[in-house]
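Here are my notes for you on this chain, written as numbered points. Please keep the structure open beside them as you read.

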Amino acid sequence: NSKDSCLLFWRKPEVWAGMIHQWANDRGMMNTVLTLFELASGDDTIGQEFHGLDSATLRKALDVLQSQGKAQLFVGTLDEDLGVKFFT
């Protein structure tokens, strides 16, 4: 008995990626390592549209930034421990 699942996005990961990168740039977070937890739940992101974003969608957005050369992901033991460093 297997279960299928799917993700339904109300915004594409590329759109989330742009928002996150713009926030990091505006806040002077370039070349700073942040965790997924800090991005999704940290005090610095309160009021941002991506605050509270689920980890799967956030990870897809960060994968987009990495593929564009705008971020580097660092593996942690849990998704929340995953680090990301942003580039201009």
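1. In which sense do strand β1 and strand β3 pair, and over how many bridges? Strand β1 (residues 33–35) and strand β3 (residues 83–86) are antiparallel partners joined over three bridges, where pairing requires that DSSP find at least two bridges between two strands. Within this pair, Thr 35 stands opposite Gly 83.

2. This is a predicted model, in which local features need pLDDT of at least 70, side-chain atom pairs count only at pLDDT 80 or more, and totals for chains, interfaces and linings use all residues. Residues are numbered from 1 along each chain as its sequence is written, and side-chain values use heavy atoms, with hydrogens and water left out.

3. Strand β3 also runs antiparallel to strand β2 (residues 71–74), to which four bridges join it, and here Leu 73 stands opposite Val 84.

4. The protein chain has three helices and three strands, which are DSSP runs numbered from the N terminus (helices: H or I, at least four residues; strands: E, at least two). Read from the N terminus, the order of these elements is α-β-α-α-β-β.

5. Lys 60 belongs to helix α3 (residues 55–67), and it counts as partly exposed because its relative accessibility is 37%, which falls between buried (under 20% relative accessible area) and exposed (over 50%), with a 1.4 Å probe and protein chains only. The C-alpha atoms of Lys 60 and Lys 12 are 9.3 Å apart, although 48 residues separate them along the chain.

6. Of the 88 residues of the protein chain, 33% count as buried.
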